[in-house]
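Let's go over what the labels rest on.

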Amino acid sequence: MPPNKCRMINTKEDQQNQIRSKIQNLFKGSFHELEIEIQNFKQSKSSKLLELREAESDLSSRKAQEKVLQSKIQDFESRRIHLNTKRGQEQDLCGDRSKKMVALCDRLKLPAVGDFEAGGADVESALKAIKHGIRSEETAVQTLSKSHDEADYKAQKAIDKLREDKTKLEADFRMKGQMVADFVREKAKTQSEIATIQRSAETLKKIVTEIEKLEKDYENQKSNSNVEGMRRQLAEKKIKHEELQAKLDRVEEQISALDAVAAKATELHLKEQQFNAKESEFKRLRNKHTENLKRLFPSKTIDTNYKRNVQTLYDDLQRQIKQLNESMRKSQATVTEMETTRRSQKRELDRIERELTENKEKIYTVCQGNPFEEVLAKLKDKISKNNLEHGELRSAEVLYKKYISRIEDDKCCPVCHKGMDGADVQDISSELSDEIRRLPEKIEALERMLKADQKKYDQLLALQPYSERIAKQTEEIPKLKEQLEETERKLVQASSDLEECQMSILEPNSSVQLINSILGDMSILDESVRDIDRMKKGIENLKIEVAVKTPEGTTASLDDIKLEREALRGELRVERISIDAMQNKIDEETERLNNLHQRYNQMKEKKIQLQESVQSLDQKKAKELELGEKIASCQREMDETENKLGPVKQNLITEEKSKAKAKEENRANLNKAQAELEELKRMDAEIVRLCKELDALSRLNLAEEIQKIKRKLQESNEEMKKIIAAIDEKTYQIDSLKKEVMNQDMIERDYLDNRDLMKLKDETTSLKQGLDALMQSIGDMDAPNVAQERNKLLEQRDAIQSTKSQTTGQIAELENQSKALKKELDRSEFKNAVKNYLKTYSESVVLKKMISDILKYRNALEWALMKYHAEKMEQINRSIYSLWRDIYRGNDIDYIRIKTEDESKPDKVTDKRRQYHYRVVQAKNDVEIDMRGRCSAGQKVLASLIIRMALAETFSNNCGVMALDEPTTNLDRENIASLCESLRRIVTERENGNFLLVIITHDEDFVTKLEKFDTYYRVSRDHDGKSIIKEEQL
């Protein structure tokens, strides 16, 4: 340590020498006096600096005034130049105006007297004379134009007169030509008529002969035909037909009455069978669900309103289930929340414990199990000591060299002043020289140690937040464990509540499922009860109707009356055919007579026309001669008109040419005069413009303004000179102040150097005292042990430095990995990962709920459609059963029905539509078999008609139109008759409403058997093959 102290003392003395060499005036007083002197000097310097700043501020303001004044002078100069330019323009304008006025006076042949450049009265009188001359020129041009217009008007009037004469002659010529053409056409027509009349004389003889022949044929035909006798016979036959029709109507009334009674009896029997079947079906269905109803309603018995009671119970159960579901939902939400909270707390606890372990491991790696604060404090003390040692080693070389030079010069110890001989001096000098040679190595080793310690110290400072975090996490972990236990306790309680709700909801759910399974049958039970009551009332009403509609006094049976009706219809048919044949014969005879008479009239009319034309032959010949004379007269008049037209055309062309030539000459003269007038006006306008500009310039008073600007400019220049003189004075003052300030800076530097010198002297004195004390105490220390301990510490420092380097490399690698992971997380697919996950999770949950709700709705709709389908099929089969029993007269088939088979798989939910397979079955003695391939063509047609009628009855009850096309195809007579009866019954039932029956058929017997209408329409073809629709009576 003494060499370090010596080296530091030598360093301080060197610094004193350097500072002393810089000082110009060495201060002789004490340090306190120097401080007072420095304070006084600083005050004096501050006043000088303040004076300098005030002078600089004054100089800046004066320079600103100089700039403002310079700008003002430039404005005045530019304005002066502008006014001089305006003055020059004014003079130039006066010269131009004078030249233009002289030129215009010469053009107008006016005297140019006076000074036009000076302006005044001469210019005004000249301008008035110019205005008057221009107006005279305008009047002359207008007079010339008017004379040209009058000459043109006269020429045009002569041309119009010639054109009028020409037009009249041309029109007269065209009219005569048209008259000649008309006369020629009329003459040719007359000649043609004369030739025709001459040929008609022979035709007239032939027509007379043919008229006589037609007259004889008509009389013979009229005498041979007996039309009136046939008409009398036709009237008698129609009377007989009406009597037969009246008798048939009476028989039909009897049949209708008996049919109504039979239909009502059949309907009564059918309704009684339906009532028995419905009642047995009701009992079977009620017995089927007796146990279920007792289970649902243990305290009461249900006999009526099954569906309403079950539905009420269903609604109550649904409300109970809804409440339980709400409780379950809340419990489930609590469970989910607690599970989520538990997972979050567990993850947080695991994370904190993991971080705590990692942080402890990091600190353990650096501190090796020692307390972090203790290691940090020790390392800090070590760095301070090494820094102090490093400074001592740095100054030891100078101290050693001075010590050697002092020993060699004085031959004594510089510290203790003990005398030395040459050998001692040589040994100490050699030892110190060796020590000097080893100093760089020691300094380098110490610097490496300091660098390693500093790096480790930085590493420990970087780990200090982890140490603080370890303490904080150590306090947090027990709290988190307590929160986790509390959450698990709440989770167990919520799970228990959820299980209780799930157990409570089982019984209502089973009851709801039971109700869903029997609810459809409850509706059927209610409908069956209503149907049974309605059937009872219907059967009673039918019994009353059968008793009321049974005719009194009827002895003949229904079959006898029907045979009588068929006989009457046959007689009516024969009579109708006979009447039609006789009517056709009468029509043919009448048509033949009418044709002969029409031919006779035509020949007679043609004979009269020919006689009239023969009588007009002389008139036609006279007309021909007259037309020839008119044509010749018109030809002569056309020649005269053409001779007059030639001179008129020639005179017109001559006049038009002369007019065009005169008009062109007049236009050229007028244009020339107008061009000269326009040029005069342009020159006058230019002079007026120059006068206006000169007036505007004269109002500016340019000469006076120029004088004012010159005066202001002179004043500004004088003020500028004063400001420049003041600026120069201030500049000299500032330079002087700056020199003084610079001198004061040098004086201040001397003062400061003197103060530093005194401080160094004090420090050197204290160091020498410390060195003396150190030299006295150094003799008691064990130097070899200290060296060994130092070497050991250096090795530890190197090891720590190595560990620090490794750790620093690991930290850099981890930081790089962290940056890479952060960059990866900043990518678009990971940036909002949590948000996207929550969004996708929410969408999936909502989608599952939607799918569940849609499936429930689909199942409900499917069930409703199945129920609707079953009800409609039952209604259709009832209608088919009734119609088949009413219409079909065979014994091999009791009834037919449509059988439905659902081809969809009930145990598998698919997106396909439900498919049904329909087939028609026939039954005999309650045994059903497929109708396809086992029935005749008539049975097929009848089944088709009945099925369509049942479908219409079921689905088109409000549509009052039924159309049948060839309904009797392949049907035998009995089935046709029964079909007629059914159609009559349908018409009877709907005759009070809007109902229309349309039948298209070739079977006239079928039409006559319907008997519910008076007329029908027959479609036939005439002799041209066209369709004819004719209304006929039944």
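Q: How do you know that Val1007 is buried or exposed?
A: Val1007 has 15% relative accessibility, and buried means under 20% relative accessible area, exposed over 50% and partly exposed in between, with a 1.4 Å probe and protein chains only. So Val1007 counts as buried. Val1007 sits in helix H17, residues 1004-1010, and its C-alpha is 8.7 Å from that of Cys980, which is 27 residues away in sequence.

Q: What should I keep in mind about where these values come from?
A: This is a predicted model, where local features need pLDDT of at least 70 and side-chain atom pairs count only at pLDDT 80 or more, while totals for chains, interfaces and linings use all residues. Residues are numbered from 1 along each chain as its sequence is written, and side-chain values use heavy atoms, with hydrogens and water left out.

Q: How many helices and strands does the protein have, and what makes a run count as one?
A: There are 17 helices and seven strands. Helices are DSSP runs of H or I with at least four residues, strands are E runs of at least two, and both are numbered from the N terminus. Of the 1034 residues, 29% count as buried.

Q: What makes the Tyr837 and Tyr841 pair stacked?
A: The structure holds two aromatic pairs. In this one, Tyr837 and Tyr841 are 6.1 Å apart centre to centre, with 20 degrees between the planes. Rings of Phe, Tyr and Trp (its six-membered ring) pair if their centres lie within 6.5 Å; planes under 30 degrees apart count as stacked, over 60 as edge-to-face and the rest as tilted. So the pair passes on distance and is stacked by angle. Both tyrosines lie in helix H14, four residues apart, about one turn of the helix. Tyr837 counts as exposed at 55% relative accessibility, whereas Tyr841, at 48%, is partly exposed.

Q: And why is the Tyr881 and Tyr895 pair called tilted?
A: Tyr881 and Tyr895 are 5.2 Å apart centre to centre, with 55 degrees between the planes.

Q: What makes Glu355 and Arg351 a salt bridge?
A: The closest N and O atoms of Glu355 and Arg351 are 2.6 Å apart, and that is within the 4 Å cut-off, so the pair counts. The two are four residues apart in helix H6 (residues 306-367), so about one helical turn separates them. Glu348, Arg351 and Glu355 are linked in a network of salt bridges.

Q: Why do strands E2 and E3 count as paired?
A: Strand E2 (residues 916-924) and strand E3 (residues 927-930) pair in the antiparallel sense over four bridges. Lys924 stands opposite Val927 in E3. The hairpin has two residues between the strands, and Asn925 takes a positive phi near 55 degrees there.

Q: What makes the phi of Glu966 worth a look?
A: Most residues other than glycine have a negative phi. Glu966 is not a glycine, yet has a positive phi of about 50 degrees. Glu966 lies in the loop between strand E4 (961-965) and helix H16 (973-990). At 23% relative accessibility, Glu966 counts as partly exposed.

Conventions: Pairing = 2+ DSSP bridges. Salt bridge = Lys/Arg side-chain N within 4 Å of Asp/Glu carboxyl O.
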